[in-house]
Amino acid sequence: MADIAASASQNAAQSRDAYLDMVRRKRMYGGILLVIFVAFLASGWILADDRNAGGFWNGLPKLAEFPSEVISEAWEKRAVLPGRFIEFLPSLIETLNIAAVATLIGGMMAIVLSLLSTRGLARWPRLIPVFRRMMDAFRAIPEIVIALVLIYILGGGPVAAVVAIALHTSGALGKLFSEVAENADLKPVEGLTSVGASWGQKMWLGVIPQVAPNWISYGLLRFEINVRASAILGFVGEGGIGHDLKLAMQWGQGRYDQVVAIFLLLFLTIFLIDRVSDHYRNRLVKGDLT
Amino acid sequence: MTALLSTPLADQMTATFARRRLVALSVPVVIFVYLLYTFFAFDIPGLAQRARMDNAAILLSDFWSHKTHVTRNNRTGEVTVAIEGEGKGTYPPGKMPDWVSITDGITTVDLGTGHIVTYDDAGARFMVPGYGTIDIRPEGNGLALTAPEPLPKWINASDNRIAITTPAGRFSYTRSRVETFRYQAGWELFFFTLDSPFHGKSPLDLISLAVSGDRIDPARSNISAMVQDFWTNKMWRHSDVVWALFETVLMAFLGTTGAAIVALPLGFLAARNFNPLGPLRFAFRRFFDFIRGVDGLIWTIILSRAFGPGPMTGALAMAVTDAGTFGKTFSEALENIDEKQVEGIRSTGANNLQKARFGVIPQVTPVLLSQVLYYLESNTRSATVIGAIVGGGIGLLLTQAIQTQKDWEEVAYYMTLIVLMVMAMDSLSGWLRKRLIKG
């Protein structure tokens, strides 16, 4: 009896030691990983700092210089700011139109692609990997690449940006749509199959009503992202408010009132879209459609 | 049974159905009308006139082929053969490609399938099988063209310039010079430039040279010479490209991790269950909204004014923009934690920091990590665009190549690399997510 008790306590001591040892080792590994990560991060920042034209510590005091310069000039010209808002409204609308059309077209492409690449729903189950890779490729191509090449061919205009953003959107949304569709209830589809519905009818009547709220919610989020993308594409390429911003920036001093007007327009628009889409997404996901 | 269904309810249902049907019909109509409006707002009918299909043809042929210029300066009589007409791709005299021969001042260019161009003292001749010989010589202040009549559409002749386009190649004659362009498949000089001893060797030759051949340059082994020549290739600049790719990934990595590190403590301050001070919480929330609303583009512009162009500016811009997003999502994740674990830690007498470390962080780590990894992937793509604005990474190389409007093969090369880079980061972040979150 005493023997057993002794060996039991010995066992307990052993397992406690083993446990503490494991904890210590785990902590050590964690610590080493953390140190490596921090070293990686620090050397990365140092490297990036070296490659930069102006250093971080030189630039830090200058951080407020540009905004204050811009704001002070705009303050002097505050009387003309409302006029500037009206002046840039058409290009803002163009930017928004680019984003909206691209989201709509990309969303429609995404619907088709996602249904074709969802297990259980696909029209041609063997081609699922093909459509998946297609979406991966569309998602991987940055908008700027397609936009700049198309600008060369189409000679400017908003179409290049629309195509570029729509293509990327179809890949990005297609993946999300397909994840939603995977969880759809298949019973309505079976019911429709039993009455001899075609594939299109099954999708339109059996799947889409189930997934629509989630899809629309993702679509709204995409629209928000696409407005930003459309402004950036304008800055790098052509069209919309981004292009006006670039022109005003290149002019520099003397046109800072335009810069401020564009900044404010962009800020307010994005803020507003963010709020509205947040509100509707909450409502959609909670299932409160009516 | 019907009596049970009271009339008001039946009416209500009918009304609901009618409304739903109306909505179901009107949504497509509204979308259609909107697309119709943008169809005209974007001037799509006018697109056909503005579109430059010749540019598209140049671009597509450049994507998979290269052209070699055989140029004679008509004033000095000097003949140069250069790939893409670039100085870096000029064949050294005496080492012409086998389809160009220069003897006694007569240059013969064999374009294949019987198309032969000859430059001589009198002018130039182009033999096109199935058509005849086109003879061009300078006469007075203009050019004289002798060719079988009627002139086909692919010969474009004016007083001072004659251009001929055939499937085998293009040809143009002006008073100052005569040029022939030959198109060949592939990206020429991709591995070795003309000044490298390894240019024009087949892969098998190269392997045997690398493994057992005599040293071409006695100072170094063939393999290291090959690597050196490839790495310093002046046409394709492989070392610059690799460096640019690395810089782009670095920007994305620094931007994402920087944003996460800044946003984590701020997320605590904006979460209802950690910060009892309502006004402060509200202030932080609006601060995140503000940062996100200002948008990456504007941050990039402001920061590049202060820090100058370069990858650090791009990383900082990404970090600032994403800090707003992370702050919001992190605080939401923190509000959704299970309070029981925190209570358990509190019951052992832990202070606030310990509660956060042992009660909260283990719970939220998977959520936050998957968020961060997702952004790492998406920021790799943004880093390409931001790189084009701040002047760093592959985005800069890409926009430069596009702006020259002739190095389309380089554009195709960079596009391929960017897509591969994004896909690699996508799978890396997916793999890390699986490893770190599912254990």
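Among the contacts in chain B between residues at least 6 apart in sequence, 56% join residues that are at least 24 apart. This is a predicted model, in which 49 residues of chain A are in contact with 56 residues of chain B.

**Chain B as a whole**

- Chain B holds 12 helices and 12 strands, and because its radius of gyration of 33 Å is well over the 22 Å that the globule rule gives for 439 residues, the chain is more spread out than a compact globule.
- The C-alpha trace of chain B spans about 100 × 75 × 50 Å along its principal axes, and 32% of the 439 residues of the chain count as buried.

**Domains**

- In chain B the domain assignment gives domain 1 as residues 57-185 and domain 2 as residues 238-437, and the centres of these domains, taken over C-alpha atoms, are separated by 54 Å.
- In chain A the domain assignment gives domain 1 as residues 2-60 and domain 2 as residues 77-285, with 43 Å between the two centres, again taken over C-alpha atoms.

**Contact between the chains**

- The contact joins 49 residues of chain A to 56 residues of chain B, and on the side of chain A that touches chain B the residues divide into 34 nonpolar, eight polar and seven charged.

**Nonpolar cores**

- The largest nonpolar core has 130 residues, of which A147(A), A164(A), I165(A), I262(A), L398(B) and Y414(B) touch the most other members; the largest share of this core, 13 residues, comes from helix α9 of chain A, residues 199-236.
- Apart from that core lies another, of 17 residues, which includes V70(B), V117(B), I134(B) and F171(B).
- I262(A), one of the residues that touch the most other members of the largest core, is in contact with F88(A), I241(A), D244(A), L245(A) and A248(A) when its neighbours within four places in sequence are left aside.

**W299(B) and its surroundings**

- W299(B) is placed in helix α7 of chain B, which covers residues 278-307, and W299(B) counts as buried because it has 20 C-beta neighbours inside 10 Å, where the cut-off for a buried residue is 20 or more.
- Leaving aside neighbours within four places in sequence, W299(B) is in contact with V294(B), A317(B), V320(B) and T321(B).
- Between W299(B) and A319(B) there are 9.9 Å in space, C-alpha to C-alpha, and the two are 20 residues apart in sequence.

- Strand β3 (residues 100-103) and strand β4 (residues 106-112) of chain B run antiparallel and are joined by four bridges, with T103(B) standing opposite I106(B) in β4(B).
- β3(B) and β4(B) form a hairpin that has two residues between the strands, and D104(B) in the turn has a positive phi of about 50°.
- β4(B) is in turn joined by five bridges to strand β5 (residues 115-119) of chain B, and these two strands also run antiparallel; here G112(B) has H115(B) in β5(B) as its bridge partner.
- The hairpin formed by β4(B) and β5(B) likewise has two residues between its strands, and T113(B) in the turn has a positive phi of about 45°.

Key:
Residues numbered from 1 in each chain as written. Chains lettered and ligands numbered in written order. Predicted model: local features only at pLDDT ≥ 70, side-chain atom pairs only at ≥ 80, totals over all residues. Domains from an automatic or database assignment. Core = buried A, V, L, I, M, F, W, Y, C linked by C-beta atoms within 7 Å. Buried ≥ 20, exposed ≤ 12 C-beta atoms within 10 Å, placed from the backbone. Contact = placed C-beta atoms within 7 Å. Rg over C-alpha atoms; globule rule 2.2 N^0.38 Å. Nonpolar A, V, L, I, M, F, W, Y, C, P; charged D, E, K, R; others polar. Pairing = 2+ DSSP bridges.
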